[in-house]
Amino acid sequence: MRWQFRDLGLHDVTLASGPVGFASRWMRRGESYARRFDVPGTYRLFCSLHPVAMNQVVDVRSAP
């Protein structure tokens, strides 16, 4: 999965809960962050600088 930041503010991608912890560094406009989800589960993500406005849930399933 890839996140691309297009506005003027700083952003990051931070795990709130899920099977494998991670966090990106703060990024500016034009930068992007990519993460491969290899472990099945529900990943609850947010921007630590804008936690109410920017959040996401990613459900990763096992391969059949």
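Which backbone nitrogen does the side chain of serine 24 reach? The close-ups below, taken from a predicted model, begin with that residue.

View 1. The side chain of serine 24 reaches the backbone nitrogen of valine 13, at 2.8 Å. Serine 24 has a relative accessibility of 10% and therefore counts as buried, the cut-off being under 20%. With neighbours within four places in sequence left aside, serine 24 is in contact with Asp12, Val13 and Tyr33. Of these, Val13 and Tyr33 are also listed in the largest nonpolar core.

**View 2. Tryptophan 26, in the loop between E2 and E3.** Not counting residues up to four places away in sequence, tryptophan 26 touches Leu10, His11, Asp12, Glu31, Ser48 and Leu49. Threonine 14 is twelve residues from tryptophan 26 in sequence. In space, the C-alpha atoms of tryptophan 26 and threonine 14 are 10 Å apart.

**View 3. The open sheet of three strands.** The strands are arranged in the order E2-E4-E5, and their pairing is antiparallel. Strand E2 (14-17) and E5 are the edge strands, each pairing on one side only. On average, neighbouring strands of the sheet are turned by 35° against each other, with direction ignored. Strands of a sheet pair through backbone hydrogen bonds, in a parallel or an antiparallel arrangement.

**View 4. The pairing of E4 with E5, and valine 60.** E4 and E5 are joined in the antiparallel sense over six bridges. Within this pairing, glycine 41 stands opposite valine 60 in E5. Valine 60 is in contact with Phe37, Val39, Pro40, Gly41 and Tyr43, leaving aside its neighbours within four places in sequence.

**View 5. The largest nonpolar core.** Twelve residues make up this core: Trp3, Phe5, Val13, Leu15, Phe22, Met27, Tyr33, Phe37, Tyr43, Leu45, Val58 and Val60. Strand E4 (41-46) supplies at least two of the core residues, and strand E5 (55-60) likewise supplies at least two.

**View 6. The edge-to-face pair of tryptophan 3 and phenylalanine 37.** The structure holds five aromatic pairs. In the pair shown here, the rings of tryptophan 3 and phenylalanine 37 are 6.4 Å apart centre to centre, with 75° between the planes. Tryptophan 3 lies in strand E1 (residues 2-4) and phenylalanine 37 in the loop between strand E3 (32-34) and E4, so the pair ties together parts that are 34 residues apart in sequence. Tryptophan 3 is buried, its relative accessible area being 13%. Phenylalanine 37 also counts as buried, at 15% relative accessibility.

**View 7. The stacked pair of phenylalanine 22 and tyrosine 33.** The ring centres of phenylalanine 22 and tyrosine 33 lie 6.4 Å apart, and the angle between the planes is 20°. This pair links distant parts of the chain, eleven residues apart: phenylalanine 22 is in the loop between E2 and E3, and tyrosine 33 is in strand E3. Phenylalanine 22 counts as buried at 11% relative accessibility, and tyrosine 33 counts as buried at 15%.

**View 8. The aromatic cluster.** Which residues do ring pairs link into a cluster? They are Trp3, Phe22, Tyr33, Phe37 and Tyr43.

Methods
Residues numbered from 1 in each chain as written. Predicted model: local features only at pLDDT ≥ 70, side-chain atom pairs only at ≥ 80, totals over all residues. Heavy atoms only, no water. Core = buried A, V, L, I, M, F, W, Y, C linked by side-chain atoms within 4.5 Å. Buried < 20%, exposed > 50% of the residue type's maximum accessible area, 1.4 Å probe, protein only. Helix = DSSP H or I, 4+ residues; strand = E, 2+ residues; numbered from the N terminus. Contact = heavy atoms within 4.5 Å. Pairing = 2+ DSSP bridges. Axes fitted to C-alpha atoms, helices over the stretch in contact; angles between N-to-C directions. Phe/Tyr/Trp six-rings, centres within 6.5 Å; stacked < 30°, edge-to-face > 60°. Polar contact = N/O pair within 3.5 Å; in protein donor to acceptor, adjacent residues only side chain to side chain.
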